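This briefing is meant to be read beside the coordinates.

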Amino acid sequence: MGKTWASRLIIFTTLLFLIGPFFIIIFAGLSAGSSLSFPPQGLSLKWYLAVFEVESFRQSFTLSMFLAVCGTLCALIIGVPAAYAICRYKIPGAETIKLIVAAPIIVPGIIVGLALLRYLVVPLNFTVTLALFLAHTALVLPYAVRVVSASLENLRTDIEEAAVLLGCTRLQAFSKVVLPNIRSGILAAFILGFVTSFNQVPVSLFLSGPGVRTLPIDMLDYMEITYDPSVAALSALLAFLSMGIVFIAEKTLGFSRYV
Amino acid sequence: MVLPAAVFTAALFLLPVGILLSEGFKVGGEWTLAGYADFFSKPLNRTVFFRTLKLGLLVALVSAIVGYASAFCIVNLEPKQRGRIFGLVILPLMISPVARTYAWIVILGRTGIVNDAIVGLGLSDTPIRFLFTETAVFLGLLQLFMPLMIISLISSMENLPKDVIPAARVLGASWLQVFTRVILPLTREGLVLGGTLVFTGALTAYITPAILGGSKVLMLETLLYQKVNVSNDFVSAGIIATILIVMCFGANVVLRRIAKA
């Protein structure tokens, strides 16, 4: 009996440390006062509504959404064939290729952002949006390859062979047999990529230009000049958004298998 | 089929990053190590380097201790409850680091919860400065990366045969011995994986030191940002980038060795 209580206490304390701050943000955003405090000075929803009125938040939210959706799609378009080839064929140097594709996870984001800006974006005169798009795609690519590989490895190869024997071309076998079977892996890769890209800061730090900023960068800038609860409210809203996505994914796909 | 992915990554990643790293070895157009000597001769740079290393190790160590305790308790729960708690542990990983770090301002700020309590209880007449201290950065990093350690430990503890611990107890081992002789060796891989993730994560975090440390408690990442944006010093930027990458790879290699030994 004593032991269960001790173990409950340990779990509770750990979770309090990990999740507690998040509840504080929710309540700090509910404040009716004009400066950040906890417990909040009276309750109101005004800061949660105020967030939608800030023009720069609207713009940066749109940009972040665009980067997260299109960047992840683009990463999947080049990532799925790569994952397929790595899993199915004995390509020479497969390990090296895996390492190259995984590099964006290993190298710290701030270094990637700076390097891209200085040696690619400035010399080639890319627009800020294009630079951010390429960087986010490269960042998500390793996750796409890894998650899709994992789900390809669980797929038997003989069903594909059967399709070819029954008269499918290789491409048809892939689109009619393989693709439907790894659908949930692709969806999981998309969600993981989306969340990673949406929350990404260091890569975008140097690449963001005047007027073109991702939402997290915009929030960082906003925090430096004002001390009102709107960032708390926005943080809480974003957290709910990610939680909603992950919750649905977990219920429908068993998402945590892939993370 | 792998070509597009490999070429894309090589062109967008390896090439620019490679050039950036090489900048650290060039001073005035000549290949030299003088930049490194110069970099480490400045006390501020040395302080930042050792602070980053220290905080990284400390965060990894504390999350390992807390991680073992909570992973052990979580693994012993009933399956249904375990799934629920596991979900709560990975939940923070999905929330924006900006949001998670921002919470610490509310907690540790001048009018935050901790200071309200301290002043309210009469422990101090004036609010104590917690923000922009190493403690704040440490707490922020710990909260950010501990879930990674707990997840790795849980998955390696799930593979632990159920009867080894009772067996060791029956044979007369104390709990400390059970931990050092049975649990630790059998979960070493999880510890190493978690340790690598937490340590490299803490080294390369930008948001937490930027918000909670500011320019008072610089870490390598925030120093890099300053070198570029304030002083336009690309030799130092290249050097810091190299140091960070070497430290991350070094941690990977060393820890993997330990896991195998």
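In this predicted model, Leu141(A) is placed in helix H6 of chain A, which covers residues 128-153. Leu141(A) counts as buried because 30 C-beta neighbours lie inside 10 Å, where 20 or more are needed. Setting aside residues up to four places away in sequence, Leu141(A) touches residues of chain A and of chain B, including Ala75(A) and Ala5(B).

- Glu224(A) lies 83 residues from Leu141(A) along the chain, and 32 Å separate the C-alpha atoms of the two.

**Domains of chain A**

- Chain A is assigned two parts, with domain 1 running over 1-44 and domain 2 over 55-257, and the centres of these domains, taken over C-alpha atoms, are 31 Å apart.
- Where the two domains of chain A meet, domain 1 contributes 9 residues to the contact and domain 2 contributes 8 residues.
- The side of domain 1 of chain A that touches domain 2 of chain A consists, by class, of 5 nonpolar and 4 polar residues, with no charged residues.

**Contact between the chains**

- Between chain A and chain B, the contact draws 65 residues from chain A and 58 residues from chain B.
- Several helices of chain B give two or more residues to the side that touches chain A, among them H3 (43-75), H7 (134-158) and H13 (234-260), while H1(B) gives the most, with 13 residues.
- Sorted by class, that side of chain B holds 47 nonpolar, 9 polar and 2 charged residues.

**Chain B as a whole**

- Chain B has 13 helices and 2 strands, and its C-alpha trace spans about 70 × 60 × 40 Å along the principal axes.
- Of the 261 residues in chain B, 46% count as buried.
- When contacts in chain B between residues at least 6 apart in sequence are taken, 73% of them join residues at least 24 apart.

**Confidence in chain A**

- The mean pLDDT of chain A is 85, with 97% of its residues reaching 70 or more.
- Within chain A, confidence is highest in helix H3 (residues 55-88), at a mean of 91, and lowest in helix H4 (residues 94-106), at a mean of 77.
- Where pLDDT is low, the predicted coordinates should not be read in detail.

Key
Residues numbered from 1 in each chain as written. Chains lettered and ligands numbered in written order. Predicted model: local features only at pLDDT ≥ 70, side-chain atom pairs only at ≥ 80, totals over all residues. Domains from an automatic or database assignment. Contact = placed C-beta atoms within 7 Å. Nonpolar A, V, L, I, M, F, W, Y, C, P; charged D, E, K, R; others polar. Helix = DSSP H or I, 4+ residues; strand = E, 2+ residues; numbered from the N terminus. pLDDT = per-residue confidence, 0-100. Buried ≥ 20, exposed ≤ 12 C-beta atoms within 10 Å, placed from the backbone.
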